[in-house]
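This briefing covers a helix, a sheet and a chain contact. Please look at the structure before reading on.

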Amino acid sequence: MKVAERMLVTVSPHLHKKDETIQRAMKDVLVALIPAAVWALVVFGFNVVYILAVSCATAALSEVVMRKIMRRKPTLSDYSAMVTAVLFAFLLPPTTPLWVVAIGAFLAVGVGKEIFGGLGKNIFNPAIFARVLLWYSPLAIYTTKYVKPFFWKTSGFFTPVATSINEGAVGRVVYKTLAGNPVADLTSAATPLSLLKSGRWLPEMVSGPTPVGATWLNSGGKPSFWSLFLGLKSGCIGEVCILALILGGAYLLWRRTIDWRIPAGIIGVFFLLTLVTWYHPIYNLFSGGLFLGSFFMATDWVTSPVTRRGKWIFAAGIGATVFILRFWSLRPEGVAIAIFLWNIATLVIDRYIAVPKFGEVGAKAFNRLPVIPEPAPEPAKKRA
Amino acid sequence: MMSGKAIYKTFKGGIHPPYHKELASGKAIRRAPVPTEAFIPLQQHIGAPNEPLVKPGDRVELGQKIGSSEAFVSAPVHASVAGTVKEIAEITGFTGAKVKCVVIAPDTEQPEFAKQDRDITALSEQEIRDIAREAGLVGMGGAAFPTHVKLTPPKDKPVDTVIINACECEPFLTCDHRLMLERPRDLVQGLKLLMRAVNAKKGIIGIEANKMDAVDAVREAAKGEADVEVDILEVKYPEGAEKMLIFALTGRKVPPGKLPSEVGCLVQNVGTAMALYEAAAWGKPLYERVLTVTGPGIKEPSNLLARVGTPISTLIEACGGFAGEPGKVIMGGPMTGWAQPDTKAPVVKGTSGIVVLTSEVMDVSAEQECVRCGKCVDVCPMFLLPNFVVQAVKRAEWDKAEMWGALDCFECGCCSFTCPAYIPHVEYVRKAKAEIAALKRR
């Protein structure tokens with residue numbers, strides 16, 4: 001009988017789950033980010049598109065060039081650089097200058113991912129890595145000035161607007177179009193969390209005139225629940241609309257691309273702590289990057305623990321750290337830094353937190369290396 | 001339950017591969033043709049190798065013992081055809097390793113096996129064990145561990161429950177399903193013999209919920225047997241793995257590195273139980289078995305009663321040949337079976353099927369870097385960390401490979417099935433096992 005020459009010999013198993021690829025997962029994340037992107041476009045105008053475009057182009061270019069330099073196989077087709085680029089852009093204020101965006105996108109993909117060894121070897125979530133680096137760089141001021149929602153009504157929907165620093169006086173912030181013309185009446189606006197931070201106790205803060213004349217505050221000077229939840233507030237491009245982020249997160253959970261334990265753990269622990277301290281639980285929950293971080297950043301496969309137990313520890317740790325940072329630190333926001341710190345902890349969690357094997361009794365809490373080649377120690381010589 | 005899906009017994013972890021049982025589940029068992037030459041490997045079990053009892057030129061009868069060993073952990077082999085011994089040769093077995101074979105040229109006229117009609121109700125424990133040994137019984141699910149050894153549990157660990165593994169959780173395979181449909185009574189009798197051999201009070205037949213007709217048939221056959229229970233299990237892979245099955249049916253957990261007798265259980269495959277019945281009641285040694293030849297690359301998927309030593313090619317021809325270009329020929333199920341470079345390897349006692357995949361259904365993307373998604377950890381039924389085992393093997397850190405569970409892996413392949421980076425974990429695990437064993441021997 002004729003036997004094909006191309007008969008393939010590999011180790012079992014010989015079946016693979018349909019459509020279970022890295023590429024599919026990355027596409028899922030991109031799809032899940034669409035609602036938030038659309039909303040960002042509505043609230044912050046076409047500036048969002050410019051930033052996304054620069055971020056994606058730089059990220060792609062960085063990956064290609066860095067992998068070429070390091071003689072690695074090209075991996076652009078796995079879409080991971082695109083996910084990083086979009087997430088990084090989502091972490092920026094909507095008027096970040098495009099050259100700052102480009103530097104950041106290079107830091108994310110070129111340094112945060114490729115220098116560490118490429119996808120799978122990076123210690124930090126690349127987008128978070130770049131964001132935190134920018135925060136502690138001289139460029140920080142460009143990435144910490146927020147404008148009020150619907151600012152494009154003054155500048156025009158398609159007009160690119162960028163933050164410009166030290167115009168005329170040191171520390172002065174103005175917003176300019178690409179042509180270099182300052183946009184009249186456009187000033188920095190407080191985010192919900194910076195309002196909270198500067199006033200410490202919100203009710204006092206929002207009574208009386210608000211410092212920025214922000215449109216998202218109601219006549220009493222208070223932000224309404226719906227403006228927080230639906231994203232009619234100032235903030236980073238991708239973080240404002242909680243509803244859109246929940247939709248995207250639900251899609252990822254449904255596709256089983258992310259593990260529910262991480263968002264549940266982060267949001268749960270954070271909410272619990274704000275409840276216990278009565279630190280404006282609802283206001284805090286729907287402000288800042290908590291939902292963006294929990295659903296899209298902390299759930300990053302590469303930089304979160306692989307075991308269920310580890311995931312709970314990781315998530316609870318992030319939730320608690322966000323609370324600590326928001327409550328005590330000088331910064332209004334702490335999600336990115338919390339994730340950054342727990343990305344490091346992931347290595348330790350995975351290495352030391354033991355998972356009992358099936359049927360294992362009296363399992364230890366921490367992994368200890370077995371001794372090879374010496375014979376296994378006598379069970380009688382148990383350490384106290 | 002009022003509505004919705006019934007909840008059946010199961011374990012934690014596991015996967016839902018595409019089953020494709022419909023290809024062969026409706027096909028009644030038929031006899032495979034006698035091969036032009038039978039290649040009967042002298043060792044078809046785990047344990048000590050057999051010595052040949054015949055030499056080239058000898059005449060052998062159907063069912064004659066042609067290889068055996070004095071060692072306890074071994075099982076003799078028998079001639080599957082009547083004919084003349086041509087030679088004792090080394091050929092490449094289904095695992096790719098060289099195996100010593102007795103090559104028999106069959107007579108043109110093959111006799112029917114002369115069934116005896118023995119009374120099996122009065123057999124003692126030792127008699128049943130001796131029958132199992134003499135008939136060359138091994139586990140027919142694939143592992144091929146000598147049955148009489150399993151029937152001799154340590155004195156201090158009495159077995160109270162005998163479990164028949166009738167899950168057939170491997171995709172594509174349907175031979176156990178057909179056996180249960182066509183000969184449910186023999187299965188129950190085989191179970192009774194197994195129970196008697198180890199003095200067990202209870203027997204459970206565990207069947208996956210995708211074989212409800214088999215459940216009905218076996219329940220009908222087991223009517224009046226108060227100590228035999230037929231349980232339905234969730235359709236999930238690897239439901240038929242020994243430790244998973246014991247847990248699903250009894251809630252008992254076999255500790256890592258321990259045998260089922262540790263928790264008072266004995267697990268045997270459907271085929272083995274029937275072979276024990278045949279050996280005890282008919283005096284028939286294990287020289288042929290039912291297997292499934294199936295897959296999208298086979299013209300007429302079938303369940304065949306094939307003689308041990310039949311080359312794969314003979315069986316594929318008996319099923320109408322290949323449909324289209326064969327991509328992979330797998331001996332055993334697609335999750336744990338062995339891919340064959342050609343179709344020369346002979347059927348052994350542990351061969352449960354031959355699955356031919358075509359290039360259209362194979363997904364053979366290249367291995368990529370692990371992205372630590374943790375999906376392998378989620379599906380691992382032993383709660384190991386397959387991704388870290390792979391990492392440790394790549395770095396030759398054998399102590400870490402053991403820490404992450406390389407030695408506790410039973411190579412079900414759930415991790416690779418679900419891996420988005422297409423990492424062949426099982427390949428790495430086998431390497432780790434071999435290296436660690438070599439280090440420990442020193």
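Two strands count as paired if DSSP finds at least two bridges between them. The model is predicted. In chain B, strands E3, E5 and E6 form, in that order, an open sheet of 3 strands with antiparallel pairing.

- The antiparallel pairing of E3(B) with strand E5 (residues 65-68) of chain B runs over 2 bridges.
- Opposite Glu51(B) stands Ser68(B), a residue of E5(B).

**Helix H5 of chain B**
- Helix H5 of chain B spans residues 212-221, and its buried residues are Ala214(B), Val215(B), Ala217(B), Val218(B) and Ala221(B).
- These buried residues line one face of the helix, because they fall within an arc of 170° when seen down the axis of H5(B).
- An α-helix has 3.6 residues a turn, so residues three or four places apart point the same way.
- Met212(B) and Glu220(B), on the other side of H5(B), are exposed.
- The buried residues of H5(B) pack against two helices of chain B, H3 (175-182) and H4 (184-198), and against two strands of chain B, E10 (202-208) and E11 (228-233).

**Contact between chains A and B**
- Chain A contributes 38 residues to the contact and chain B contributes 62 residues.
- On the side of chain A that touches chain B, 23 residues are nonpolar, 10 are polar and 5 are charged.

Conventions:
Residues are numbered from 1 along each chain as its sequence is written. Chains are lettered from A and ligands numbered from 1 in the order in which they are written. This is a predicted model: local features need pLDDT of at least 70, side-chain atom pairs count only at pLDDT 80 or more; totals for chains, interfaces and linings use all residues. A residue is buried if 20 or more other C-beta atoms lie within 10 Å of its own, exposed if 12 or fewer, and partly exposed in between; C-beta atoms are placed from the backbone. Helices (H or I, at least four residues) and strands (E, at least two) are DSSP runs, numbered from the N terminus. The arc is that of the directions from the helix axis to the C-beta atoms. Two residues are in contact if their C-beta atoms, placed from the backbone, lie within 7 Å. Ala, Val, Leu, Ile, Met, Phe, Trp, Tyr, Cys and Pro count as nonpolar, Asp, Glu, Lys and Arg as charged, and the others, Gly among them, as polar.
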